[in-house]
Amino acid sequence: MAILCLLHQAYGKKLIGAIREGLPDEDIREWPEAGNPDDIEICMIFRMSPGFLAPYKNLKLISATGAGVDHYLLDPEFPRHLPLVRVVDESFAARMADYVLSWVMFHHRDIAHYLDAQKRREWAFKVMRPASEVTIGVMGLGQMGALTAKRLASLGYDVRGWARTPHEIDGVECFAGEAGFGSFLTKTEILINLLPLTPETRGILSSGTFDRMPKGGVLISAGRGGHMVEADIIAALNDGQLRAATIDAFQKEPVPQDHPFWDTSGLYVTPHCSSTASLETIVDSFAGNVRRFRAGEPLLNIVDYAQGY
Ligand code: NDP
């Protein structure tokens, strides 16, 4: 029985080569050369069109190539009776933490102000605030959010986190569920979004959320485009409820040339680059689960369909 891979083109032939090396005893096929669909027992998929998996009647395991799984679960034909596993790895989370830390410092130390001042040849000294006076709220305390929150706390920021269920993280004040959301937001001046996209979190980056933060806050979102009510983000930036926003993932990617985000003052667009798993991470995570599957052992990092992540 064979494994079918449909991978991100950015990896070229490197990823399929690495998967073949990592699983030398497996029959690994790269889409569209699937051969007889009845041979396919395991699929590793980056992105797929609805119904993509329908021909594979003997499929038993599906693997994502990254952390987010929302796009699979949007497919009404996705075979939810089969296990879906995703990539979880500390180095993957560390890359995300680097991205968030870079932008936190950019906003905290007001680097945009100095860049603008230099353009005007202006010596524009600003009094700085110590990190301990800056409250950062991290939404999502999974593999990405927990490490990011810990690293921010280790730099001396006042860090709080919010998740669906209660968490305990050294140096981070944690809040949970709907009931804890308001308290989480009241002091949060830099809001970090590292949530998965689910029916509960869709549209969470809205004026209803920003209005509960102190005026002049900052948003850093590396979650999904579906988390945003785009018009509310633009309105919050225009009326000063937010003073800046850095956004990495969008409803439509690449962001269309005529999209207002490109020209909104205080808004920084990055091209879905906040974190990608390394080839080694993807291969280790996938090969580990394939070996467990072959040995009849419990799989790791299984998506909970009921929760949607
Ligand atoms: P995890 O599944 O490990 O963690 C998800 C976290 O979100 C958990 O802490 C979970 O709470 C919390 N959560 C889920 N639903 C809710 C809710 N309704 N209310 C409050 N908290 C909630 O995910 P990862 O950390 O691996 O990834 C998070 C997301 O980051 C991905 O889904 C993806 O969207 C994004 N991402 C973006 C990348 C990029 O390049 N832009 C790269 C990688 C990830 P609990 O702990 O209680 O279960």
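I began with the terms: axes are lines fitted to C-alpha atoms, for helices over the stretch in contact, and angles run from 0 to 180 degrees between N-to-C directions. Helices (H or I, at least four residues) and strands (E, at least two) are DSSP runs, numbered from the N terminus.

I noted that this is a predicted model, in which local features need pLDDT of at least 70, side-chain atom pairs count only at pLDDT 80 or more, and totals for chains, interfaces and linings use all residues. Residues are numbered from 1 along each chain as its sequence is written, and side-chain values use heavy atoms, with hydrogens and water left out.

**Helix pair.** I looked up helix α1 (residues 14–22) and helix α9 (residues 279–295), whose axes come within 9 Å and cross at roughly 40 degrees. The two are therefore oblique to each other, since angles under 35 degrees count as roughly parallel, over 145 as roughly antiparallel, 65 to 115 as roughly perpendicular and the rest as oblique. For the contact (heavy atoms within 4.5 Å), I listed K14, L15, A18, I19 and G22 of α1, and L279, I282, V283, F286, A287 and R291 of α9.

**Sheet.** I then traced an open sheet of seven strands, ordered β8-β7-β6-β9-β10-β11-β12 with parallel pairing; two strands pair if DSSP finds at least two bridges between them. At the edges I found β8 (172–176) and β12 (267–269), each of which pairs on one side only. Strands β6 (residues 135–139) and β7 (residues 158–163) pair in the parallel sense over five bridges, and V138 has G161 in β7 as its bridge partner. Helix α6 (residues 177–186) packs on the sheet, where it touches β6, β7, β8 and β9 (190–193), and its direction makes about 160 degrees with that of β7.
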